[in-house]
Amino acid sequence: MLSPEGEIKISFGYKCNNNRGISNEIANGYKNLPEIRRTSSFSCLSGAALSANATLANTNICNGKIGGEILPSWDSPNSFRRVPSSPSLSRFGRLSSSLPSSLSYLSCSPSTASDSLEYELKSASDRSSSDGFLIATEVQVAGGAAGEDRVQAVCSEENGWLFCAIYDGFNGRDAADFLAGTLYDTIISYLDKLIWELEPGSITASNHADLGEFFRYKLEDSVHCHEDRSLARGVLDSLEHALSQAENDFLYMVEQEMVERPDLVSIGSCVLLLLLHGNDLYTLNLGDSRAVLATCSNSDRTNKSEKLKAIQLTDNHTVDNEAERARLMAEHPDDPKVVIAGKVKGKLQVTRAFGVGYLKKKNLNDALMGILRVHDLTSPPYVSTQPSLNVHKISNSDQFVIVGSDGLFDFFSNEEAVKLVESYILSNPFGDPAKFLIEKLVARAANSAGFSMEELMNVPAGRRRKYHDDVTVIVVMLGMNQRTSKASTCI
C-alpha cells in the first residue's frame, strides 16, 4: 500500500490507561462521587479509512465557516488530541448568523412546555456569556476525511464514555462535513435538555456542554423525562432529535445557497453514531453503514475453539431490504414508480439518508435541470430521515464492535469481518485490526479487478471508485478486552 496514491497519510488511535473495566454500580447510573474515578467501558479503539472518490478538500457551505473554521477544530489526522469538550461551540455565534433563529442548532427547538422554553433561554444565555466556559472540561478527539466519508471519535476516559461517528457522504462531501462540524454539539444540547427535564436547574454555565456531565447524574430506569419514557429512551430520543435538528438546519442552508450551487440539493450522507457508556451501547443509523457486535456464549471464553458470533446492531436502509421496500411502497400507494431499476425514483439505493433534499422537497427538486431532476415527484418525501435506534447492554461475553461504512460490507459479510478481526488480534495483540480489515479489502478488490494491490492503489481517486467505495472502519475493544494500541486512517 506504500504507493504515491495509497500511502498511509493519516493515523489516529486511543488506548486507555485504566483497563480494570467499569464497576456495575457506576455503570448502572449512580452518581459519580468525587472520590470515585470512573473507569472506561472500552480499552482501546482502532480506526482506518480508505478513499476511492475524488472530492473537494473543503466545503464552502455556510460561507465556508464549516470547512474553514469549525472542522479544523475537530480534525486531528495523526493522533488523538485534547481539546475543550465542544471545540466548535465558540464559533457558533459567527455561524448562527447564517441560520434563522428558529432553526439554528444553537437552539434545542423545545416543545411548548414552559420548562423547556426556560431551558432554551437559559442555555442560550449561558452559551453567549463566555467563549471559555468549556476550558476546564476536556475530551480527546480525532477525525478526518477519506473521499466523501468523514470519521469522528470523541472520548473521555475519565468519565467513561466514547462517541464515534461515520458520515458516509454521497454526491459530494458537504453533508458529511456539515454533520462532522455540528452534530456532536447538537447532541450535547439535547442531552443538556434531557438533564434539565430530569433535574431542573442542574445545568449551569460552569458544567454544561459535556457528555461526561450528562452521565454524572443518578439516572435510573424508573426516572422518566415523561411518564412513559425510560432513561435509555430519553438518550435515544435526544440522538434522534439532534439528527432532525441538523437535517432542518442543513436543508435550510441548502435552500439559501442552491441558486449558486444547485448541486447541493442532491448531496447527502448516511449516518452511523455509536455512544458507549458503562454497559450501555447506543447506536443510531440512517442508511447502510453498520455496527456489528462480536460476542460469544461463554463470558470467560474457556472454550478457545468457540467462534465469535456476529450480531448486527443496526438496520440496512436500502431498497434491497424487503421491509424497507414494503414500507416505501406503502407510503406512496398512488405512485407506481417509487422504485426504478433498484433505486428510489431511479436515483438512490438507500431509503433513509441525511440531506438529499431533491427527493424530499419539490422546490429543491425544481432547482435541478434536465435528467438530474426527478420528473414525477408525486408525493415527497421519498427518502426518510427517521433513524433506526438501539441500545445494547454489554455483557462480559461481548468482545468488540466493528463500526463501518457500507464500503466494508461490499466485500465482507458481518461474520467474515468478525472472523478476520478475531484472528488478527489473537496473533497481533498490539496491532491495528481496522487497518488490517482495510488491507484485506484492498487485496480482495484488487483480486476481483485482476490487479495486484500495488496496481490498484496506484489508480487515482475517482477512477478507483470503479473498484471499491470509500471505506471507513472503527474497531472498539470492549471492557477489559485490551488488544490494540494503535489506529490509523489513510486517504
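A341 lies in the loop between strands β11 (339-340) and β12 (343-344). The model is predicted. In this model, phi of A341 is near 55 degrees. That is a positive value in a residue other than glycine. The relative accessible area of A341 is 76%, so the residue is exposed. The cut-off for exposed is over 50%.

K345 also has a phi near 55 degrees, again positive and again in a residue other than glycine. K345 is found in the loop between β12 and β13. Its relative accessibility is 5%, so K345 counts as buried. The cut-off for buried is under 20%. A positive phi is thus found at A341 and at K345; A341 is exposed, whereas K345 is buried.

A further backbone feature is a cis peptide bond. This bond joins P380 and P381, with omega about 5 degrees. P381 lies in the loop between helix α9 (362-365) and strand β14 (388-393).

Aromatic side chains were examined next. The structure holds nine aromatic pairs. One of them is formed by Y14 and F80, whose ring centres are 5.4 Å apart. Their planes meet at 65 degrees, so the pair is edge-to-face; the cut-off for this class is over 60 degrees. Y14 lies in strand β1 (residues 13-15), and F80 lies in strand β3 (residues 76-84). The two residues are 66 apart in sequence, so the pair ties together separate parts of the chain. Both Y14 and F80 are buried.

A second pair is formed by F178 and F354. The ring centres are 6.4 Å apart, which falls within the 6.5 Å limit for pairing. The planes lie at 25 degrees, so this pair is stacked; the limit for stacked is under 30 degrees. F178 sits in helix α5 (residues 174-198), and F354 sits in strand β13 (residues 354-355). The pair links distant parts of the chain, 176 residues apart. F178 has 0% relative accessibility and therefore counts as buried. F354 is likewise buried, with a relative accessible area of 0%.

Ring pairs also build a cluster. Its members are Y14, F42 and F80. The edge-to-face pair of Y14 and F80 joins two of these residues, and ring pairs link F42 into the cluster with them.

Conventions: Residues are numbered from 1 along each chain as its sequence is written. This is a predicted model: local features need pLDDT of at least 70, side-chain atom pairs count only at pLDDT 80 or more; totals for chains, interfaces and linings use all residues. Side-chain values use heavy atoms; hydrogens and water are left out. Rings of Phe, Tyr and Trp (its six-membered ring) pair if their centres lie within 6.5 Å; planes under 30 degrees apart count as stacked, over 60 as edge-to-face and the rest as tilted. Helices (H or I, at least four residues) and strands (E, at least two) are DSSP runs, numbered from the N terminus. Buried means under 20% relative accessible area, exposed over 50%, partly exposed in between (1.4 Å probe, protein chains only).
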